[in-house]
Number of protein chains: 2
Amino acid sequence: MAQKPSIPKGTRDFSPLEMARRNYIFDTIKKGFALFGFKQIETPAMENLSTLMGKYGEEGDKLLFKILNSGDFLKSCSDEELTARVLPKLTNKLCEKGLRYDLTVPFARFVVQHRNELQLPFKRYQIQPVWRADRPQKGRYREFYQCDADVVGSDSLNNEIELLSLIDTVFSNLGINVAIKLNNRKILAGIAEVIGHSDRIVDITVAIDKIDKIGIENVNAELREKGLDEAAIEALRPLLTLSGSNEEKVETLSKMLAASETGMKGVEELKEVLTGIDALGHNCDVDVDVSLARGLNYYTGTIIEVKAKDVEIGSITGGGRYDNLTGVFGMPGLSGVGISFGADRIYDVMNQLNLYPESVTQAVKVMFANFGKNEALQSLKYIKALREAGISAELYPDTAKMKKQMSYADSEKIPFVAIVGESELEEGTIMLKNMVEGSQDKLTIEQMIEKLK
Amino acid sequence: MAQKPSIPKGTRDFSPLEMARRNYIFDTIKKGFALFGFKQIETPAMENLSTLMGKYGEEGDKLLFKILNSGDFLKSCSDEELTARVLPKLTNKLCEKGLRYDLTVPFARFVVQHRNELQLPFKRYQIQPVWRADRPQKGRYREFYQCDADVVGSDSLNNEIELLSLIDTVFSNLGINVAIKLNNRKILAGIAEVIGHSDRIVDITVAIDKIDKIGIENVNAELREKGLDEAAIEALRPLLTLSGSNEEKVETLSKMLAASETGMKGVEELKEVLTGIDALGHNCDVDVDVSLARGLNYYTGTIIEVKAKDVEIGSITGGGRYDNLTGVFGMPGLSGVGISFGADRIYDVMNQLNLYPESVTQAVKVMFANFGKNEALQSLKYIKALREAGISAELYPDTAKMKKQMSYADSEKIPFVAIVGESELEEGTIMLKNMVEGSQDKLTIEQMIEKLK
């Protein structure tokens with residue numbers, strides 16, 4: 001019992017200071033979602049395993065946290081089944097529920113389950129933790145938050161323009177310099193088509209995706225290995241080295257993809273989205289990037305990724321358009337587009353660059369020192385008046401030595417300490433110490449409220 | 001696959017309207033916590049089972065949701081152990097982690113684990129879901145939120161006064177009429193002592209607790225059954241029928257418990273708390289109630305319970321003082337006092353009495369109808385300006401029939417619809433329809449911002 005307790009690996013406690021900072025990020029994102037007309041939903045932490053299994057690939061199934069059935073969890077397992085130790089089969093018998101792995105599958109389940117109550121287009125946001133039994137490492141946790149916004153039931157590219165504008169708003173408000181990277185799945189399909197390898201779109205995009213890391217010659221070597229002929233590799237070269245302004249890139253793509261209907265559709269979509277976001281104006285960089293291939297098996301149109309410019313940390317937000325969110329639950333043909341803010345990485349970026357305003361603090365505005373029963377009771381009355389004026393305040397609860405009380409105020413970074421001793425009690429005044437400047441004033445409660453407001 | 005998906009029994013989805021209402025409650029509670037100087041922490045959903053097991057009694061152990069170990073979960077079980085089917089032993093081998101059952105044990109674990117970083121007294125609040133494998137029924141869920149505030153490391157009754165004041169503030173702000181019931185464990189101990197049955201405090205308080213439900217004669221019958229003699233039962237009678245003002249009750253208790261040192265200490269504490277809260281003033285009723293015996297095995301001093309006066313629903317907030325929060329984790333002697341707001345029951349009360357202000361809504365302030373590409377792009381520019389002024393706004397994304405667009409605005413209860421058609425586009429104006437009054441105005445964007453602010 002006396003062993004120091006701990007928490008499961010890959011999980012975290014958050015201290016008051018950490019919470020104040022995280023709340024600042026979540027509140028900024030939430031404010032953005034609400035301004036843009038997204039509406040919040042929440043889903044349970046536990047979903048039926050039948051909802052979750054098979055949605056994240058074989059690897060994903062293994063990374064789901066599964067909940068042991070209550071009561072006699074062995075009741076549907078025979079001795080033979082137990083000793084045969086076929087784990088996936090036993091898992092199904094021991095567990096009916098699992099913890100959600102992301103917010104997308106629960107959202108799809110929500111849309112199908114509540115289809116008759118929902119008005120389309122449905123703009124939802126959801127900010128909740130997810131759990132993955134991944135190997136924990138720096139910046140990767142087994143419990144972390146996702147902040148998703150999606151529009152389902154509308155094909156319009158106005159949704160893409162709005163989501164880009166939302167990303168621009170949130171990161172501008174947080175003060176993080178970011179580059180928003182834009183691509184379109186149809187452009188990737190068009191590229192595969194025009195170089196004569198439509199069937200190899202995955203190999204090609206996986207290779208293209210590595211160009212920043214391994215360089216063009218290594219990418220080409222990989223493509224050769226995958227069986228691409230030299231003509232195709234040569235045809236790809238201008239794409240791998242695509243440069244210039246967005247307009248120039250779009251121009252080059254238009255020429256290259258002229259022979260592919262799908263590819264040209266992708267270029268048209270990209271152009272419309274760029275025209276929209278440029279007409280609105282944006283603080284963040286917006287860059288066309290054909291090497292962007294995230295979520296390829298999933299996205300069908302626009303692909304979005306956001307990177308911080310001042311910290312090396314990978315993508316801090318991503319998203320795109322998908323054509324069949326709910327098909328797997330028996331409701332086909334529902335198109336949507338969404339983005340997900342990576343709150344934990346954004347938190348790491350904010351910490352590293354120290355981007356929090358000074359007002360982000362866990363401290364109360366003023367602590368009343370405690371000089372004894374009568375003084376404390378009078379202090380509580382003053383404190384009540386301060387709170388009614390919206391000013392946070394607290395009484396040091398015990399009549400401890402002044403040094404101890406002041407050291408508490410100091411370590412908690414409380415900016416003001418109020419003193420109601422014997423003489424102040426008689427006079428009906430308060431001695432207010434400014435802990436930052438070291439100054440002090442004798443005030444009435446009305447003056448104090450005025451000063452701290 | 002085409003089967004309509006569902007969620008585990010006892011869990012809930014929350015729709016946008018439900019979220020708006022729940023957020024109003026959580027925000028009101030949070031605002032209270034912050035005004036009173038409580039600081040937020042969060043702990044992981046999963047705790048080690050060694051942290052959770054044995055803390056909630058044998059029944060509680062069974063109600064913990066346990067997480068199946070990742071990888072080869074059978075690796076430490078022999079065939080013999082598996083087929084022997086000794087469930088508690090197997091549970092320990094199959095599962096290392098469980099979902100938190102309340103916020104108190106994780107808080108105790110947090111305090112011990114972070115003892116060197118914490119400044120005492122430590123005033124923490126925590127608002128997170130908890131999970132219990134209870135049989136679901138009306139008003140009882142398997143996933144629900146707790147909202148706890150505790151002060152640890154201070155014996156002062158000022159903390160009790162502050163917590164009562166906090167309860168008064170939160171329920172006044174929510175507009176719920178409540179009665180705060182107050183008792184003290186030491187008074188219950190004193191009662192058992194003076195009637196000559198110190199060892200029977202649990203039996204006595206369990207019986208007293210039922211007086212409202214079964215009446216005094218049935219309570220007495222129960223006490224007789226438990227082996228209390230007639231003298232003791234007669235001595236208890238004035239307590240079971242204690243009435244009058246708080247002062248009168250305290251007076252009666254003082255006389256009855258004069259022979260018990262513990263009992264008199266309890267009366268003194270109760271008096272000091274009453275004096276404090278009365279001096280500060282309160283909107284809610286505060287009633288001494290010696291039949292209040294919640295958490296008897298846990299609380300050592302003040303006991304607090306809050307009931308809604310206008311809805312039959314049981315306790316909606318409770319708390320008390322405990323002397324040994326962290327002893328079980330090897331850190332003895334840390335005293336504390338805390339309260340827990342029952343958010344889900346408060347939600348039920350608010351719904352039943354329809355106590356939400358009109359401003360609690362999930363809707364955006366204004367929707368721009370969509371008349372085509374050029375009109376939509378101009379609308380997006382206006383929308384950007386509105387958002388920059390803090391006004392939530394959205395574009396109907398598709399160029400759908402006007403009837404469909406208006407019906408969306410209607411069903412989403414959006415109070416204003418803005419129309420930028422061909423003529424407005426030419427004039428640089430916006431036709432703003434008030435959906436509640438049915439009126440409409442032709443405005444510039446500056447006039448529109450002014451009007452909606």
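User: Where in chain A does Pro121(A) lie?

Analyst: This is a predicted model, and in it Pro121(A) sits in the loop of chain A that runs between helix 6 (104-113) and strand 5 (122-131).

User: Which residue has a positive phi although it is not a glycine, and where is its place?

Analyst: Asn354(A) is such a residue, with a phi of about 50°, and it is found in the loop of chain A between helix 14 (343-353) and strand 12 (366-368).

User: How do I read the interface, and how many residues of chain B are in contact with chain A?

Analyst: The size of an interface is often given as the accessible area lost when the parts come together. In this model 109 residues of chain B are in contact with 109 residues of chain A, and the area buried between the two chains is about 9200 Å², with carbon and sulfur atoms giving 59% of that area. Across this interface there are 50 residue pairs in polar contact, counting pairs in which both residues are at pLDDT 80 or more. On the side of chain B that touches chain A, helix 16 (residues 373-388) of chain B provides the largest share, with 7 residues, and by class that side has 50 nonpolar, 33 polar and 26 charged residues.

User: How many salt bridges are counted between chain B and chain A, and which pairs illustrate them?

Analyst: Side chains of opposite charge can pair when their charged atoms come close. The count between chain B and chain A is 12 salt bridges, while over all chains it comes to 49. One example is the salt bridge in which the side chains of Arg85(B) and Asp79(A) meet, at 2.9 Å from N to O. Another is formed by Asp13(A) with Arg109(B), whose closest N and O atoms are 2.6 Å apart. Asp13(A) lies in the segment before helix 1 (16-35) of chain A and Arg109(B) in helix 6 (residues 104-113) of chain B, so this pair joins two chains.

User: How many cavities of 30 Å³ or more does a search of the whole structure find, and what lines the largest cavity?

Analyst: Rolling a probe the size of a water molecule over the atoms shows where empty space is left. Here the search finds 5 cavities of 30 Å³ or more, and the largest cavity has a volume of about 60 Å³. The lining of the largest cavity includes Leu395(A) and Pro397(A) from chain A together with residues of chain B, among them Phe38(B), Lys123(B) and Val151(B). Helix 7 (residues 158-174) of chain B gives the largest share of that lining, 4 residues, and the lining residues divide into 5 nonpolar, 2 polar and 2 charged.

User: Which residues line the second largest cavity?

Analyst: The second largest cavity, with about 50 Å³ of space, is lined by Phe38(A), Lys123(A), Val151(A), Asn159(A), Glu162(A), Leu395(B) and Pro397(B). By class, this lining divides into 4 nonpolar, 1 polar and 2 charged residues.

Definitions and conventions. Residues numbered from 1 in each chain as written. Chains lettered and ligands numbered in written order. Predicted model: local features only at pLDDT ≥ 70, side-chain atom pairs only at ≥ 80, totals over all residues. Heavy atoms only, no water. 1 Å grid on protein atoms, 1.4 Å probe; cavity = no way out; pocket = protein on both sides within 12 Å on 5 of 7 lines; lining within 4 Å. Points joined across faces, edges and corners; volume = space filled by probe spheres on them. Nonpolar A, V, L, I, M, F, W, Y, C, P; charged D, E, K, R; others polar. Contact = heavy atoms within 4.5 Å. Buried area = accessible area lost by both parts, 1.4 Å probe. Salt bridge = Lys/Arg side-chain N within 4 Å of Asp/Glu carboxyl O. Polar contact = N/O pair within 3.5 Å; in protein donor to acceptor, adjacent residues only side chain to side chain.
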